[in-house]
Amino acid sequence: MPRFTVHIRDEWLAVPCRDTSNTIQWLGQEALKRYIKNKPDNGGITAVKDTRFVARRCQGLGLLDADDTIDDVLEDNDFVELAIEGDTMSPDFIPCEPGVSHLYPYTRWKFYISLDGNSLMSTDLINLGRGLYKIKLTPEAERKVVQSRELLDTIVKENKVVYGITTGFGKFARTVIPVSKLKELQENLVRSHSAGVGNPLSPERTRMLLALRINVLAKGHSGVSLETLQAMIQAFNASCLSFVPEKGTVGASGDLAPLSHLALGLMGEGKMWSPTSGWADAKYVLEAHGLKPISLKPKEGLALINGTQMITSLGAEAVERAQAIAQQADIIAALTLEVLKGTTKAFDSETRWNYLPPIFLVSSHRHPCTASHRFCDRVQDAYTMRCCPQVHGIANDTIAFVQNIINTEINSATDNPMVFAERGETISGGNFHGEYPAKALDFLAIAVHELASISERRIERLCNPSLSELPAFLVNEGGLNSGFMIAHCTAAALVSENKVLCHPSSVDSLSTSAATEDHVSMGGWAARKALRVIEHVEQVLAIELLAACQGIEFLRPLRTTTPLEKVYELVRSVVKPWMKDRFMSPDIEAVHRLLLDQKVWNVAKPYIDKYQTEYIPESRPVSPTAFSLDSPASPRKRVRHE
């Protein structure tokens, strides 16, 4: 029988419906009948039939017409909120980013990634966050999880004193807890540590966080039971995602606050989000998907919350986006070089260089745009063009370095204490300290920022008629039209913000937990600000790409190289040329979306690959992005989890 969950004021009510041809008005009245049964004063409602209300579907927050039939506007197990006239819509539905998600509908995907705690990569994690795959464990991972749990059960049975299993935490490490209260100990840990603040992570980022915690637990060094781990996997596969505030971690002992919020929802407490329900009480979201809350066993609360997964999952997104924008920055710079009639002599194959984007070599072929200024009297170009390979090169090297660290951290056991079933012992260590990813992500922000710093200077050259030989601010009838004047100001503002955001968070440390945790990494802020820096870089480069394409309009009928013409055509498929002033923000956002989707890279890549195959000597590497982390030039090292 179809059933719907209706939220009225502070209560959730399950309403069965035998006949879905009934109206939303009927559903609301049935819910009101159930609501007043629980209230001594009928909740202030004198007559259900006379009560006026507004209904909305929790998913998408769309208002429902009272005369619509249930069958037309709702699906089985849908969540609905009822606001009685005079009340306000419930604050339980958080009007922030997770309310709108770009997740792929999880029911469409039948492909799985098998997790073993050793082989997950940052690209895999991004795809899991997007909802492209479900999760299952390898048989070997299941065996290790069972073995480590058996050791913990033995410890509890023999009344041994082991930190976090039969004792309190942090300052209370010497307080021994009776066996009868070990379950309460773990539940109290999760509840008390759920003290984060700020907006919740988006569904995509929460999926990444949950997937990464599952991967770490699959290593079999945390002592979590297979039953609990499978329950986490079921919640992931159903996209039942806890409310996880973005702020509150100092990055040691791990990301305690955000991971506690993650665990709290799995316990059926706090708030949860799913594509079906939107935001609702966790227990109802789980129930609507046929899932039961997790019941924590000894040590399991600690196993769920002690680790660097918040830093690392956000870091994985940061490094993947950094790699994508760095590849496309080469292409955008090459297009600007063409528009500004720069020379490619600085990129001659006999010059000493460590990194040279192939797109610059493709640009060196004869074509009308280059031929038009072949005999000009200019000796050399400004550094923003001539030194582009050097500036972009170190950014690419840094990205590869950080990616190696993040991939190591993804597959590292970061729990405490760690369980070694084969040795029959537990060891208190320090793998929960987030210094590795924190330092790496600070480094990433500094390096990737330079892509925007040099891009902003190229935008200045494009807009300045004394430097570009183009109309001022790339528009006709200057004065009447302002063209790219303020777009350049926006780029300058973003670069200036980045200068502050690039201050390393990991140089700071504040002692916490009564000086027990007396050095911390501040890695959560390192990860969040790295993402903000990278977003600014993407936006600055989007402005440069818009400006370069506008510059081409003033060079017609001259044409540039085939790959750059393809990039121009791609941009013009979403943004028309600037003939006179218009609302510019949508244009910037449209091109930013092209960069996020890596479409600029995808249209140029076939030509770059062809040129590398035909013209580049095998002994001379052109770009770090031509190598995977498995290549001899960049060996993957997994020191922390071996």
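Because the model is predicted, local features need pLDDT of at least 70 and side-chain atom pairs count only at pLDDT 80 or more, while totals for chains, interfaces and linings use all residues. Residues are numbered from 1 along each chain as its sequence is written, and side-chain values use heavy atoms, with hydrogens and water left out.

Sheets come next. Helices (H or I, at least four residues) and strands (E, at least two) are DSSP runs, numbered from the N terminus, and two strands pair if DSSP finds at least two bridges between them. Five strands make up an open sheet with mixed pairing, in the order β2-β1-β5-β3-β4. Its edges are β2 (11–16) and β4 (63–64), each of which pairs on one side only. Inside this sheet, β3 (residues 53–57) and β5 (residues 79–84) run antiparallel and are joined by five bridges.

Ser242 has Met272 as its bridge partner in β11.

On to the helices. Two packed helices are described by the angle between their axes and the distance between the axes. Helices α6 (residues 203–217) and α7 (residues 226–237) pack at about 155°, their axes 10 Å apart. That makes α6 roughly antiparallel to α7 (angles under 35 degrees count as roughly parallel, over 145 as roughly antiparallel, 65 to 115 as roughly perpendicular and the rest as oblique). The crossing of α6 and α7 is left-handed, a term for a near helix turned anticlockwise from the far one by less than a right angle, with clockwise being right-handed. In contact terms (heavy atoms within 4.5 Å), Arg207, Leu210, Ala211, Arg213, Ile214 and Leu217 of α6 meet Leu229, Met232, Ile233 and Phe236 of α7.

For α5 (residues 182–193) and α8 (residues 256–266), the packing angle is about 120° and the axes are 8 Å apart. This pair is therefore oblique, and its crossing is left-handed. On the α5 side the contact is made by Val190, Arg191 and His193, and on the α8 side by Leu256, Ala257, Ser260, Ala263 and Leu264.

As for the cysteines, the whole structure has zero disulfides (a disulfide being a pair of cysteine sulfur atoms within 2.5 Å). The sulfur of Cys388 has its closest cysteine sulfur in Cys387, 9.1 Å away, so that is too far for a bond. Cys388 counts as buried at 1% relative accessibility, and Cys17 does too, at 0%; buried means under 20% relative accessible area, exposed over 50%, and partly exposed in between (1.4 Å probe, protein chains only).

Finally, Arg572 sits in helix α20 (residues 562–572). With 17% relative accessibility, Arg572 counts as buried. Neighbours within four places in sequence aside, Arg572 touches Cys549, Gln550, Glu553 and Pro577.

Conventions: Axes are lines fitted to C-alpha atoms, for helices over the stretch in contact, and angles run from 0 to 180 degrees between N-to-C directions.
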